[in-house]
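Hello! Here is the structure I promised to pass on to you. Have a look at it first, and then read my notes below.

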Amino acid sequence: MKSEERIVVIACSIMKNELEEVVSNKPGIEIRYLEQALHRTPLLMPSRIQNEIDAVSEYAGRIVLGYGLCSNGIVGVIARRQPLLIPRCHDCITLLLGSRTAYAELFDRIPGTYYLTPGWIEEKKDPLSIVEDDYAPRVGYESAVWVMQEELKHYTHIALISSGLIDIGPFRERALKNAAFFEKEYLELSANLDFFRKMAGIVEAGADDFVTIAPGAEVTQEMFLDY
């Protein structure tokens, strides 16, 4: 039986520390985590998310996705018995910075910024790890470095976003190594948990914070192209 009060959040595990922090004293919220880097396989991502939605649709009062558009990785996902709320953003950086406004202001000030988080570094999804563990075994180290340099050529900064919930030292060291290797300026930013509080229903969301998908409707790219 569906509970009108039961909130289910389906989120990328990169947000686990932040989400667990905001819901630690709020009962009635279920969080289901999916593996990181699903956005790198956008053709597989919708089915993984849909499976989770279908698994909870019988009892959830509200389902919230801990994803933005994510390289179109949520396009095609269908709301079932209840509305589906999705943060109105393109990726998780907006969530970690706390709002679309914060992201826009930072983008205007330093547009060429490549963002890292402890979660991405831990999963070896920072540029150096991608070179070492992904590209180099396939094309050789020198070619792998060249490919990543091309991917980063329009970036001027590498920024580490820290929520202050874990020891940042080892992640700072790795982020600094990335910045030095690829000759980018280093920044360190503080995360803001406000968007996570809105996802969990702890803080009231603004009318423009989420895209609401009605039961039976499907997520489209156009829903996220108005900002």
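To start with, how many bridges join β5 to β6? There are four, and the two strands run parallel.

Before going further, a word on the source: this is a predicted model, in which local features need pLDDT of at least 70 and side-chain atom pairs count only at pLDDT 80 or more, while totals for chains, interfaces and linings use all residues. Residues are numbered from 1 along each chain as its sequence is written, and side-chain values use heavy atoms, with hydrogens and water left out.

**The chain as a whole**

The chain has nine helices and eight strands. Here helices (H or I, at least four residues) and strands (E, at least two) are DSSP runs, numbered from the N terminus. The C-alpha trace spans about 55 × 35 × 30 Å along its principal axes.

**The three-strand sheet**

Strands β5 and β6 belong to an open sheet with the order β5-β6-β7 and parallel pairing. Two strands pair if DSSP finds at least two bridges between them. At the edges stand β5 (113–116) and β7 (185–190), each pairing on one side only. From one strand to the next, the twist averages 30°; axes are lines fitted to C-alpha atoms, for helices over the stretch in contact, and angles run from 0 to 180 degrees between N-to-C directions.

**The five-strand sheet**

Another open sheet has five strands in the order β2-β1-β3-β4-β8, with mixed pairing. Its edge strands, β2 (29–34) and β8 (210–213), have a single partner strand each, so one side of each is left without a neighbour in the sheet. Inside this sheet, two bridges join β3 (residues 62–66) to the parallel β4 (residues 84–87); I63 has L84 as its bridge partner in β4.

Helix α1 (residues 16–23) lies across β1 (7–12) and β2, running at about 175° to β2. Helix α2 (residues 45–56) packs on the sheet and touches β1, β2, β3 and β4, where contact means heavy atoms within 4.5 Å.

**Lining of the cavity**

Which elements each supply at least two residues of the lining of the largest cavity? They are α1, α5 (118–122) and β6 (157–162). A cavity is a set of points on a 1 Å grid over the protein atoms alone where a 1.4 Å probe fits but cannot get out, and lining residues have an atom within 4 Å of a point. Among the 15 lining residues, N17, E18, P118, I161 and S163 are the closest to the centre.

Enjoy exploring!

Terms used: On a 1 Å grid over the protein atoms alone, a cavity is a set of points where a 1.4 Å probe fits but cannot get out, and a pocket is an open set with protein on both sides within 12 Å along at least five of seven lines; lining residues have an atom within 4 Å of a point.
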